[in-house]
Amino acid sequence: AEAEQELQEGPLTEYSGPALALLKVGLSLKSMVVASIFVSVLLPFGIPTEMSLSAVILGAVLFFVKLLVVFVLACVFENTLSRTRFMLTGRLTVVGFGISVLAFVFYFTGL
């Protein structure tokens, strides 16, 4: 969680006050637009077929529910993936250590 600001929002560190707030709102709107396009293209169910008030309200409610599900799944996926990578760090260290020990043994045996 501490490295997120350096990785994703590094250019924003020189802003503060209203300029930072405006940039944060812009980033939030960008993610909302991308998620809306994703929902509209890949999950097209619930689109109203007639222009009655109840159908349009039901379509809007279903759209926002789908959008909420996409954002929740994205948050769960992002947090789970970072934890999984952290848990796999030990395995990567063991593999690197094993390769270095094997190279050391090969060096001493003259292979």
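Buried means under 20% relative accessible area, exposed over 50%, and partly exposed in between, with a 1.4 Å probe and protein chains only. This is a predicted model, in which local features need pLDDT of at least 70 and side-chain atom pairs count only at pLDDT 80 or more, while totals for chains, interfaces and linings use all residues. Residues are numbered from 1 along each chain as its sequence is written, and side-chain values use heavy atoms, with hydrogens and water left out.

Q: Why is F64 called exposed?
A: The relative accessibility of F64 is 52%. The term exposed needs over 50%, so F64 counts as exposed.

Q: What makes F63 partly exposed?
A: F63 has a relative accessible area of 24%. Buried would need under 20% and exposed over 50%, so F63 is partly exposed.

Q: How many aromatic pairs does a search of the whole structure find?
A: The search finds 3. Rings of Phe, Tyr and Trp (its six-membered ring) pair if their centres lie within 6.5 Å; planes under 30 degrees apart count as stacked, over 60 as edge-to-face and the rest as tilted.

Q: Why is the pair of F63 and F64 called edge-to-face?
A: The ring centres of F63 and F64 are 5.5 Å apart and the planes stand at 70°. Pairing needs centres within 6.5 Å, and edge-to-face needs planes over 60 degrees apart, so this pair is edge-to-face.

Q: Which residues form one aromatic cluster?
A: The cluster consists of F104, Y107 and F108.

Q: What makes S36 buried?
A: S36 has 17% relative accessibility. The limit for buried is under 20%, so S36 counts as buried. S36 lies in helix α2, where A35 and V39 are buried as well.

Q: Which residues does S36 touch, not counting those up to four places away in sequence?
A: S36 touches F63 and L67, where contact means heavy atoms within 4.5 Å.

Notes: Helices (H or I, at least four residues) and strands (E, at least two) are DSSP runs, numbered from the N terminus.
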